[in-house]
Every structure is written in structure tokens, then in C-alpha cells.
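Colleague: Please take a close look at one helix pair for me. Then place it beside the sheet.

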Amino acid sequence: MTILCATHFSDAAQRATTAAAELARKLNEPLFLVHVLPGDLARAFGQTLQDTATSALQDEVRRVEKLGARVSHQLLTGEPAEELARFAQEKGAGLVVTAGPTSASPFLGVGGTVDRLATALSVPLLVVRDVEPFEAWVAGTRPLKVMLGVDRSQPFEAARDWLRALRRYGQVEVVAGRVYWPHEEYQRMGLSHAHASQDVSPELRRSLENEVRTLASPLEAQGQPPVRVRLEAGVGRIADHLVALAAEEKVDLLVVGSHQRRAMGKLWSVSHHALRLAKMSVVSVPVTVAARGSAVPIPELRSVLVATDFSDVANRAIPYAFSLLPNGGTVYVVTVGEAPQAQVTESERDSRQRLHQLMPRDADAHGRKVQVEVLAGQDVATAILQAAQRFDADVICVGTHGRTGLKTVLMGSVAKAVMSRADRPVMVVRPPEG
């Protein structure tokens, strides 16, 4: 994995080059030092400018070679972001490093080279603002402290996997940061709202913490510090809160995933604003680098939610739910009942008893745990989906009829709604033909 570092020979660019050289040495990878001459300047000043730029590149190469990195250099001509992206692809670069936009940049770099690079590259972009943490990490004098922006998305998974790979090279202290809008999360998880719009109930905080820990769990590794979780409730732009949270934690590096949105889509892009606003170094990991094919790790299921309406078809899904957890975990067995009451009703007690009676004989074998719940809600599919969010279930399991026509509309509508709206895998159990 070649590391490519873009430089324009400023003090900030020298710091970025030093960080790139330290990383290249730590990862035992080659480093390409690149400067791009804008086409109009190259045409105006000709060979004189090219000779000057080449000399400056060679001076930088000699400087960073003293750090122990294997360095090559290249002078390019054209639009900087486009040329750097093309050259990175040509050389098979796995990381591009550059300095951040200066405070003098219009709108903190909106539309500048860094901004355009972030949308043009197919590999992660590291914007360096302070080189000392990288030097200390490479020297082994202290861990690299990183905040990972967490949500339930493919860009997040790409960022998490990039960070997991980085942890193989040394001690990395990870803080999993989640910024959320309370009103939206109460609705998503089907919880009762707090009295004030920004109040956060203990149940909501507990559910969010469990969700973040599950999403960040692939980062846990022997010999590494445990991942810490930080939650931040807010309104407005998520990036502002995430950058402030990273500053509060005094992290060395903020890692975020990116959809690489363009034009007006950047208005709500977390990575776009983080690259501009953060005072610490930032890595933006595009969704295109997410693991694919044989590189995708096999997920370890920890929990399954199975729903039944006590029909024979729905009940068939329950044993299948337990089969998904051969090595232990939690199975949430739920049904949707009446509207919530102040006290437990006879109907709810009866429903709980019937759920317990449906448990397979070896339900609690192999360290499995069972939790039965009677959910409330007018919309059955919504109640199931909200419970899956609340319990942070890895998989939803439902039964459905295998028939067509009117009976499918009447009896399979819940399964269809769950499949079409779920943000996690759904296992649908159909009865045998006949």
C-alpha cells in the first residue's frame, strides 16, 4: 500500500510530509512525494518554474529520507485534485496525505484542493494538522488517541475497518463518538419522549450506548485499550458537535466515513465539514474502500429478535432464531399486544406465558439467554422494528405464509413491511409446501 503525500512546500505541508514519512516507516510502506503545478502557471513560467519545483521536491525527499522512509517523488501538471486522484490510482496508493486548508482559505477551504480531493479520491484522505502525535506513536512513547464517528451506515463500516487495520501496527486508543438528535432517536426506538426536547432518558442513553458498543465491537483486540463510548445529544449540524466532542476528548485524530457527496449534498456531509473545521488531524474514509468479497469478515451474531402472533406459521420462526446463535447470545422473543397500560394486564401476563411455552427445549443451551417481551403499538411492523433498534438485535426473524394472492396481503403484510424497512438482516421462515 503506497502512501502518497501532496506538498506545496509550506510549513503546514512540511508537517504533513513528516507525518506521512513517519507513517510510511511505521507501516513499512513506500512513500510518494508529489507536487502539482497548476496548468496555467506551468504555461506562464515554463521550464524555470518546473526546475524550481523539482529542486524543492528533491530537497524535501532528502529531508524525509533522514527519517528512514523510502521516498520517491513526482512533479505533475494540471488541476491538483484531479491529478493527485489519477496518480494515486495509477500507483495503487492506499492513503493520501496532505495539509489542511489554512485559516486564510475562503470559507475554510470550501471548493479548495482538499475539499475536491475528498470527493475525487477512491482511497482514504489524511489531513494533517499536528505531526507530533504521529512521531510519538511511531517512536512508541504513547498511543495514538483517535475518535471514530459512529452511526449505522456503510461509510462508518469503511472507517471502522480502516481504523482496525491501523491498530495492528501499534497502540491506538479509540473513543467511539456518537452524535444524535434525541427526538429522532425516541421515534426510531419506540421510546416515550422526555418532557423537554433535549432531555435524554436513562433508557434511551442505555440503548444508544449498547448500539454504539456493538457497532464498534470489531475494533476490540487483545493488547489494545478497550474502546470507550461518548454520546452527545444535539441539534443542527452533526459535524459541529462531533468536532467539538473530539476537541473535548483531546484526540490526535478524528476518523469519519464519507459518502463523498457533491454540490448541495455537502451541506449535511459530516466528513466535508470535519475536514474543514477540526483543529486536529482528520481521516476521511470513502465508502468505496469498504471490504468486499473474501475480505469481508464473518460477522459474529450476538442477538436475534423473533416475532410471533401465535399462529403456527409465525411460531415456526422461533426455533430458527435460536439456531442463529449456536455459540451463545440473546434471543428476544416478542409479540405485539394492546396499547400500553399503567399496570400489567391479564392479557399481557397471558401473552408472556404463551411466549415462554413456545421456547425450544434446549433454548438456554450453549450459553444462550432468552428475553420475552410484549410490545405495544397499532402498527405491528413498526413495533417490531423499533424493538429491534432498542435491543440492538443483529437479525430479525419472522414467519410468513408461502401463499400468493389475497392471503399474502392479509397474512404476510407484516413480514413484507419488516423486510422493506429494516436496516439489518431479516430471516423469513416459510412453511413447507403442501
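Modeller: Gln187, Arg188 and Met189 in α7 meet Gln386, Gln389 and Arg390 in α14; contact means heavy atoms within 4.5 Å. The residues of this contact divide into one nonpolar, three polar and two charged. Here Ala, Val, Leu, Ile, Met, Phe, Trp, Tyr, Cys and Pro count as nonpolar, Asp, Glu, Lys and Arg as charged, and the others, Gly among them, as polar.

This is a predicted model: local features need pLDDT of at least 70, side-chain atom pairs count only at pLDDT 80 or more, and totals for chains, interfaces and linings use all residues. Residues are numbered from 1 along each chain as its sequence is written, and side-chain values use heavy atoms, without hydrogens and water.

Two packed helices are described by the angle between their axes and the distance between the axes. Helix α7 spans residues 182–189 and α14 residues 380–391. They pack at about 115°, axes 7 Å apart. Axes are lines fitted to C-alpha atoms, for helices over the stretch in contact; angles run from 0 to 180 degrees between N-to-C directions. Helices (H or I, at least four residues) and strands (E, at least two) are DSSP runs, numbered from the N terminus.

Now the sheet. It is open, with 10 strands in mixed pairing, ordered β3-β2-β1-β4-β5-β10-β9-β6-β7-β8. Strands pair if DSSP finds at least two bridges between them. β3 (71–77) and β8 (228–233) are the edges, each pairing on one side only. Twist averages 25° from one strand to the next.

Helix α4 (residues 113–120) lies across β4 and β5, at about 160° to β5. Helix α10 (residues 270–277) lies across β5, β9 and β10, at about 150° to β9.
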